[in-house]
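Biologist: I would like to learn how to read a model like this one. Could you take me through a few features, one at a time?

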Amino acid sequence: MNTHQDTHGHNGHEPAAHSGVALAKLLELDGEVLASYFSQLTGLLAEFADPSPDRILDLGSGPGTGSFALARRFPAAHVTAVDVSAQMLHRLSKQASTHGVADRISTVEANIDESWAEFSEGGPYDLVWAAAFMHHVADPARTFARAFEQLRPGGLVAVTEMDFFPLYLPEDTGVGRPGLETRLHAATNTQPPHEWTDHLRDAGFTLLERRPFDIRLDATQAGPSLNAYAKGSLAKLRSHATEVLDADDLAALDVLLDDEEPHSVARCDDLSLRTTRTTWIARRP
């Protein structure tokens, strides 16, 4: 099993429907807890975008975390959100109506590895956004070349990858041996970091920025959704840890994921969030 890819995608050990709902909720929580990060990232894009983008393409949009951040940053822009999952796009459309931006976000159900004809009609685009997505495509070189074709001259592409799931727990959770989360990450994060610099240049882009974001949020900064976000992330990792973590650590993790337990993540008041994400920003000459 390619754990790094599976834990970020629509795959996993859970039944497909349950897995899809859980992943969608996790991505929505990502947008809530990391709102300050998304604001910083889209602010960086605004510094490079001249003029401000009118047409934005969100590849692998999921339930719209990036689409909504972009719509907030660029209030005159229209966002075309593309995803293979009808369930994800349904959630995106509902949230777009709730946030009053339904007229500025359209959805297209499509497989990025296949034809782009349906959403190519909305181009040429001023900005192509792909967050935690490019490592899922079958042929990254082809996808970058297609993204290049979709952009107007001078348009931007922004590609983001997360190093892995964030860390949340204190060293000693009060359950099992200290250092549980570190061991969980060591056991499940088995793939090297993604690197897109050469792919972008090979596709014809001019690299403007490769920016790592070192994100550190305490419970107050992360807000009230942090506990649910931590639980969802740890539950996702737990589904991949059965055969790679020892029995004592698995038992301790199960206690932490049980809302009825006094040490459960849902009740924990000393969580924090530590993660790193890297964004490549490049321009079509």
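This is a predicted model: local features need pLDDT of at least 70, side-chain atom pairs count only at pLDDT 80 or more; totals for chains, interfaces and linings use all residues.

Biologist: Is Thr42 buried or exposed?

Modeller: Buried means under 20% relative accessible area, exposed over 50%, and partly exposed in between, using a 1.4 Å probe and protein chains only. Thr42 has a relative accessible area of 2%, so Thr42 is buried. This residue is found in helix α3; helices (H or I, at least four residues) and strands (E, at least two) are DSSP runs, numbered from the N terminus.

Biologist: How many residues of helix α4 are buried?

Modeller: Seven of the nine residues in α4 (residues 65–73) are buried, so the helix is mostly covered. Among them are Phe68, Ala69 and Leu70.

Biologist: How do I read a nonpolar core, and which members touch the most others in the largest one?

Modeller: The term stands for a set of buried Ala, Val, Leu, Ile, Met, Phe, Trp, Tyr and Cys residues joined through side-chain atoms within 4.5 Å. The largest core here has 56 residues, and Leu34, Leu45, Leu127, Tyr229 and Leu273 touch the most other members. Helix α3 (residues 35–48) gives the largest share of this core, six residues. There is also a second, separate core of 26 residues, including Val108 and Phe148.

Biologist: What describes a pair of aromatic rings?

Modeller: The distance of the centres and the angle of the planes describe such a pair. Rings of Phe, Tyr and Trp (its six-membered ring) pair if their centres lie within 6.5 Å; planes under 30 degrees apart count as stacked, over 60 as edge-to-face and the rest as tilted. The structure holds seven aromatic pairs. In one of them, the rings of Phe148 and Phe205 have centres 5.1 Å apart and planes at 75°, so the pair is edge-to-face. Phe148 lies in helix α7 and Phe205 in the loop between α9 and β6, so this pair ties together parts 57 residues apart in sequence. Both Phe148 and Phe205 are buried. Tyr168 and Tyr229 form another edge-to-face pair, 5.6 Å centre to centre with 90° between the planes.

Biologist: And what about charged side chains?

Modeller: Side chains of opposite charge can pair when their charged atoms come close. A salt bridge is a side-chain nitrogen of Lys or Arg within 4 Å of a carboxyl oxygen of Asp or Glu, and the structure holds eleven. Asp126 and Arg152 meet in one of them (2.5 Å, N to O); Asp126 is in strand β4, Arg152 in strand β5, 26 residues apart.

Biologist: Which residue forms a salt bridge with Asp249?

Modeller: Asp249 pairs with Arg183, with the closest N and O atoms 2.7 Å apart. Asp249 lies in helix α12 and Arg183 in helix α8, so the pair ties together parts 66 residues apart in sequence. Asp249 is buried at 3% relative accessible area, whereas Arg183 counts as partly exposed at 23%.

Technical notes
Residues are numbered from 1 along each chain as its sequence is written. Side-chain values use heavy atoms; hydrogens and water are left out.
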